[in-house]
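Trainee: I would like to go through the labels on this model and ask what each one rests on.
Mentor: Go ahead.

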Amino acid sequence: MQDMLGFLKPAEGCTVDQEDGRPWPAVGMDAPNTLFVRRRIACGDLVEAERPVAVSPIMETEGEQPAVVVTPESEGAGGEQLTEVTETETPPRSRRTKGDK
């Protein structure tokens with residue numbers, strides 16, 4: 001197992017990529033002890049951060065229907081019903097090397 005350097009996050013105003021090209025989480029993450037990470041620390045792109053407090057995941061009930069929002073305008077106006085909209089996460093973009101076109 002690889003040693004960890006601690007919990008690090010990007011410095012204020014910086015965006016830092018991990019070795020595999022994925023963005024470093026703004027809230028921070030455990031940093032592996034690699035030359036790449038040590039260079040980011042040395043140049044000031046990564047800084048030590050406090051580990052966020054662990055929060056238990058929200059339990060989702062299976063089979064639950066989305067909430068229906070009924071407004072006075074829609075009660076007799078053709079039977080249209082609005083359903084609650086939830087945000088979805090945008091999938092990460094794939095990155096190409098200079099040789100790929």
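Trainee: In which strand is E48 found?
Mentor: E48 is found in strand β3. Bear in mind that the model is predicted.

Trainee: Why is E48 called exposed?
Mentor: The relative accessible area of E48 is 74%. Exposed means over 50%, so E48 counts as exposed.

Trainee: What does E48 touch, leaving aside its neighbours within four places in sequence?
Mentor: E48 is in contact with F7 and L8 on that count. The test is heavy atoms within 4.5 Å. Besides these, E48 and L5 are 43 residues apart in sequence, with 9.4 Å from C-alpha to C-alpha.

Trainee: What makes D30 and R51 a salt bridge?
Mentor: Their side chains meet at 2.8 Å, N to O. The rule asks for a side-chain nitrogen of Lys or Arg within 4 Å of a carboxyl oxygen of Asp or Glu, so the pair of D30 and R51 qualifies. D30 lies in strand β2 and R51 in the loop between β3 (46–48) and β4 (68–69), so the pair ties together parts that are 21 residues apart in sequence.

Trainee: Is D30 buried, exposed or partly exposed?
Mentor: D30 is at 34% relative accessibility. Buried needs under 20% and exposed needs over 50%, so D30 counts as partly exposed.

Trainee: Which residues does R51 contact, leaving aside its neighbours within four places in sequence?
Mentor: R51 is in contact with F7 and D30. R51 and F7 are 44 residues apart in sequence, yet 6.4 Å apart in space, C-alpha to C-alpha.

Trainee: How many salt bridges does the rule give?
Mentor: The count comes to two. One of them joins the side chains of D20 and R22, at 2.7 Å from N to O. That value is within the 4 Å limit, so the pair of D20 and R22 qualifies as well.

Trainee: Why do D20 and R22 get separate accessibility labels?
Mentor: D20 has a relative accessible area of 51%, and the cut-off for exposed is over 50%, so D20 is exposed. R22 has 47%, which lies between 20% and 50%, so R22 is partly exposed.

Trainee: What makes the charged end of R40 sit over the ring of F36?
Mentor: The charged end of R40 is 4.7 Å from the centre of the F36 ring. The distance limit is 6 Å, with an angle limit of 35 degrees from the ring normal. As for aromatic pairs, the structure holds zero.

Trainee: Which residues make up the largest nonpolar core?
Mentor: The core has seven residues: L8, V16, W24, M29, A31, V37 and L46. To belong, a residue must be buried, under 20% relative accessible area, and joined to the set through side-chain atoms within 4.5 Å. In soluble globular proteins, nonpolar side chains tend to be buried together.

Trainee: What does V37 touch, not counting residues up to four places away in sequence?
Mentor: V37 touches L5, L8, W24, A31, P32 and L46.

Trainee: Where does P23 lie, and why is P23 called exposed?
Mentor: P23 is in the loop between β1 and β2. Its relative accessible area is 52%, and exposed means over 50%, so P23 is exposed. P23 touches V16, D17 and Q18, not counting residues up to four places away in sequence.

Trainee: What makes G13 exposed?
Mentor: G13 has a relative accessible area of 81%, against a cut-off of over 50%, so G13 is exposed. G13 lies in the loop between β1 (4–10) and β2 (29–32).

Trainee: What share of the protein chain is buried?
Mentor: Buried residues make up 16% of the 101 residues. The chain exposes about 9,200 Å², and carbon and sulfur atoms supply 52% of that area.

Methods. Residues are numbered from 1 along each chain as its sequence is written. This is a predicted model: local features need pLDDT of at least 70, side-chain atom pairs count only at pLDDT 80 or more; totals for chains, interfaces and linings use all residues. Side-chain values use heavy atoms; hydrogens and water are left out. Buried means under 20% relative accessible area, exposed over 50%, partly exposed in between (1.4 Å probe, protein chains only). Accessible areas come from the Shrake-Rupley method with a 1.4 Å probe; for residues, only the protein chains shown count as cover. Rings of Phe, Tyr and Trp (its six-membered ring) pair if their centres lie within 6.5 Å; planes under 30 degrees apart count as stacked, over 60 as edge-to-face and the rest as tilted. Helices (H or I, at least four residues) and strands (E, at least two) are DSSP runs, numbered from the N terminus.
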